[in-house]
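Subject: Structure handover

Hello,

Here is the structure we talked about passing on. Please look through it first, then read my notes below.

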Amino acid sequence: MATAALGYKPRRRSIGLTALIDVVFILLMFFMLTSNFDQWGAVDFHPMVAAEPDAERKNQLVFLNEDLSLDVKDQGNRKVGSLDHYQQLGAAQRDWFNADAPIILVPEARVSVQDIVSALDSLRALGVSSVNYGGAKAPQP
Amino acid sequence: MITERKRKSLDESLIPLINIVFLLLIFFLIAGQISHQQNQRIRAPESARENAAAHPEWMLEMASDRGLRLNGKRIDLEQLPAQLAQINSVADQRISVKVDRALLAEDLDKLLGVLRDSGVLSVTLLTKATVQ
């Protein structure tokens with residue numbers, strides 16, 4: 001009031017740009033270090049319903065061997081081919097499966113998780129209604 | 001001593017820098033997502049499918065050395081049923097499992113067997129989505 005009475009305005013102190021950029025840099029560092037850009041996918045596993053009377057007949061069993069070849073049980077244990085081959089499963093292989101019946105993938109015990117997921121991906125790409133993981137095949141004595 | 005004029009020109013030269021830093025800040029704010037610290041040693045299997053798993057309430061991790069962690073806390077496979085028994089209505093819970101891609105089907109089966117015996121009905125295997 002006294003200053004106004006004396007005829008000059010008090011100077012408004014502006015925030016210094018250096019202080020502002022310090023804070024913004026700290027915020028930037030925080031978000032750079034804590035952010036994560038990973039995209040996660042998911043494969044759902046549901047327990048097999050053994051109580052269903054005709055579950056065995058409806059399900060289409062596909063065995064994934066240690067050499068990464070696929071055996072389709074309903075096709076007289078027909079070999080589909082190696083992992084590299086079945087990544088491009090085509091229309092010919094699509095006919096081997098009934099699109100309405102679920103496929104159960106049964107890998108051998110020594111098959112890696114990555115190969116199981118790749119096989120599930122390839123079988124799902126065929127357009128079958130449901131592709132499930134059926135647990136590892138017990139090793140042959 | 002910095003004169004008023006010099007200080008003003010220094011401030012002005014900072015403006016483009018602040019603009020860029022602000023843009024970067026906005027990018028990380030919008031594009032990034034802050035999540036729990038994940039176990040970086042686990043290399044999740046790659047999958048073409050992208051189901052965008054939501055942040056799971058229960059996360060079970062198995063590293064390539066078969067070490068197990070439930071929500072980041074190290075446990076043994078033998079202790080897992082007791083830990084799961086403490087979860088309220090475990091059958092209704094969706095448990096996310098993150099396993100190393102190099103693990104074998106027999107390792108995955110052991111884990112899924114324990115979960116099944118503990119009454120878990122829904123298990124989601126987390127995969128790293130790949131761009132096709």
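Of the 132 residues of chain B, 39% count as buried (buried is under 20% relative accessible area, exposed over 50%, partly exposed in between; 1.4 Å probe, protein chains only). Please note that this is a predicted model: local features need pLDDT of at least 70, side-chain atom pairs count only at pLDDT 80 or more, and totals for chains, interfaces and linings use all residues. Residues are numbered from 1 along each chain as its sequence is written, chains are lettered from A and ligands numbered from 1 in the order in which they are written, and side-chain values use heavy atoms, with hydrogens and water left out.

Chain B

Chain B has 3 helices and 7 strands. Helices (H or I, at least four residues) and strands (E, at least two) are DSSP runs, numbered from the N terminus. The order along the sequence is α-β-β-β-β-β-α-β-α-β. Take the contacts in chain B with a separation of 6 or more: residues 24 or more positions apart account for 68% of them. Contact here means heavy atoms within 4.5 Å.

The interface

Chain A puts 39 residues in contact with 51 residues of chain B. The area buried between the two chains is about 4100 Å², and carbon and sulfur atoms give 65% of that. Buried area is the accessible area (1.4 Å probe) that two parts lose on being put together, summed over both. On the chain A side, A:Trp40, A:Phe45 and A:Val113 lose the most area to chain B. Together they make up 18% of what that side buries.

The rule finds 11 residue pairs in polar contact across the interface of chain A and chain B, both residues at pLDDT 80 or more. A polar contact is a pair of N or O atoms within 3.5 Å; within protein, one must be able to donate a hydrogen and the other to accept it, and residues adjacent in sequence count only if both atoms are side-chain atoms. Which elements of chain A give two or more residues to the side that touches chain B? They are helix H2 (17-34), strand E1 (35-36), strand E2 (40-45) and H6. H2(A) supplies the largest share, 11 residues. By class, this side of chain A has 23 nonpolar, 10 polar and 6 charged residues. Ala, Val, Leu, Ile, Met, Phe, Trp, Tyr, Cys and Pro count as nonpolar, Asp, Glu, Lys and Arg as charged, and the others, Gly among them, as polar.

Helix H6 of chain A

H6(A) covers residues 113-124, 12 residues in total. From first C-alpha to last it reaches 16 Å, close to the 16 Å expected at 1.5 Å a residue. The expected span is 1.5 Å times one less than the number of residues. 12 of the 12 residues of H6(A) are buried, so the helix is largely enclosed by the rest of the structure. Among them are A:Asp115, A:Asp121 and A:Arg124.

B:Pro45

B:Pro45 sits in the loop between strand E1 (33-34) and strand E2 (46-47) of chain B. Its relative accessibility is 0%, so B:Pro45 counts as buried. Leaving out residues up to four places away in sequence, B:Pro45 touches A:Val113, A:Gln114 and A:Val117, and in chain B its partners include B:Val99, B:Arg101 and B:Leu126. B:Thr130 is 85 residues from B:Pro45 in sequence, yet 9.9 Å away in space, C-alpha to C-alpha.

Salt bridges

The structure holds 4 salt bridges over all chains. A salt bridge is a side-chain nitrogen of Lys or Arg within 4 Å of a carboxyl oxygen of Asp or Glu.

- A:Arg110 and B:Glu106 meet at 2.9 Å, N to O. The rule finds 1 salt bridge across the interface of chain A and chain B. A:Arg110 is partly exposed at 48% relative accessibility, and B:Glu106 is partly exposed at 30%.
- B:Asp100 and B:Arg43 meet at 3.8 Å, N to O. B:Asp100 lies in the loop between strand E6 (94-99) and H3 of chain B and B:Arg43 in the loop between E1 and E2, so the pair ties together parts that are 57 residues apart in sequence. B:Asp100 is buried at 1%, whereas B:Arg43 is partly exposed at 43%.
- B:Glu46 pairs with B:Arg101, the closest N and O atoms being 3.9 Å apart. B:Glu46 is in strand E2 of chain B and B:Arg101 in the loop between E6 and H3, so this pair ties together parts that are 55 residues apart in sequence.

Best wishes
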